[in-house]
Amino acid sequence: MKVSGRRVDPEIPTASMADIAFLLIIFFMVTAVFSATKGLEFKLPKEEARSDASEEAVFIKVRADSSVMIDCKPIQPEEIPAYLQPKLERWPDKPVILYTEPAAPYQAMIDVYDVLGSSERLFGFEVKNLSVPTQSEVREYTELFGVNPFESQCAR
Amino acid sequence: MKVRRSSRQSATIPTASMADIAFLLIIFFMVISGVEVDRTRVELPMAKNREEAEKGAAVVVLSKAADVDDLVYKFSDGREASRTVSGPEDIYLEASRLIYDDPGRQFIIKADGSVPYERVDELLDKLRQGGVVKVILLTAQWTEAGR
């Protein structure tokens, strides 16, 4: 007996594959986080290594109202490299102290720190000896000198 | 004249390439999305110079709480998700523990740009006491138009 049948083309059903794939896409889109891990490099001094504030150091002070003083003269953050350039070209290891008043906004300190970091790229010199005194260092200096040397720096 | 009807073809939409496109998109999302240990929303300070933090760096978060005046401190060792800690003393203990195992461990400070500097300074002080040397102050990209 002859059995007649329609010939069916062999094929792999792929329609559902796209459904699965798009479900996975939605999952990754929902869970994906574009990680932000960029910032300003900051080196903390070692606990035992403590340098004394030198008389010759350039003193930058960020005040509570976000204004900036350099060697007791008001300055805009973007003008700092031009002020430092002749001094650091003569003495590349000249210490630079960045003191921020406790009540100053963090952004104001970052503005100055960012400018100091860009001096090599924009002006061709590097601030090698930057010191950012922390509260405990300030306390130690205050005990040593009887006054906060960073607060009284420009009062003399 | 009688026109002979051609053989009937079933209408289909070719979907084979759809899966290819979809899998390409999946690979894209898998590659670009990292595993973030902290998802706290913080108004980061803006800076022009930014450097990439090391992978696996520990994260210290200092953010403004929505409902209270005080600040919220969080800590992550870089592997596990960040958790709230009571304050700088806890961060000092966690940092000391991590530095004991890996003296070269980098720490990321993720702080709100509007917090008083003394709070960031306090954190830096505690990290220094814990033996931390390498710190990244997390910033957003500075633009003329602002944020």
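I began with one pair of residues: A:Met69 stands opposite A:Pro74 in S4(A). Before going on, I noted that this is a predicted model, where local features need pLDDT of at least 70 and side-chain atom pairs count only at pLDDT 80 or more, while totals for chains, interfaces and linings use all residues. Residues are numbered from 1 along each chain as its sequence is written, and chains are lettered from A and ligands numbered from 1 in the order in which they are written.

Entry: the sheet in chain A. I looked up strand S3 (residues 68-70) of chain A, and S3 pairs with S4(A) in the antiparallel sense over three bridges. To pair, two strands need at least two bridges found by DSSP. Strands (E, at least two residues) and helices (H or I, at least four) are DSSP runs, numbered from the N terminus. Next I checked what packs on the sheet: helix H2 (residues 80-90) of chain A does, and it touches strand S2 (58-62), S3, S4 and strand S5 (96-100) of chain A. Residues count as in contact if their C-beta atoms, placed from the backbone, lie within 7 Å. The direction of H2(A) makes about 165° with that of S2(A). I then wrote out the strand order of the open sheet in chain A, S4-S3-S2-S5-S6, which has five strands and mixed pairing. Strand S4 (73-75) and strand S6 (130-131) of chain A each have a single partner strand, so one side of each is left without a neighbour in the sheet.

Entry: where the chains meet. How many residues does each chain bring to the contact? I found 39 residues from chain A and 47 residues from chain B. On the chain A side, helix H1 (15-31), strand S1 (38-43), helix H3 (106-117) and helix H5 (135-145) each supply at least two residues. H1(A) gives the most to that side, with nine residues. In S2(B), B:Glu51 is the bridge partner of A:Gly39.

Entry: two helices in chain B. Helix H2 (residues 88-101) and helix H3 (residues 117-129) of chain B pack at about 30°, with axes 8 Å apart. Axes are lines fitted to C-alpha atoms, for helices over the stretch in contact, and angles run from 0 to 180 degrees between N-to-C directions. Among the residues of H2(B) that meet H3(B) I noted B:Ile91 and B:Tyr92.

Conventions:
Two residues are in contact if their C-beta atoms, placed from the backbone, lie within 7 Å.
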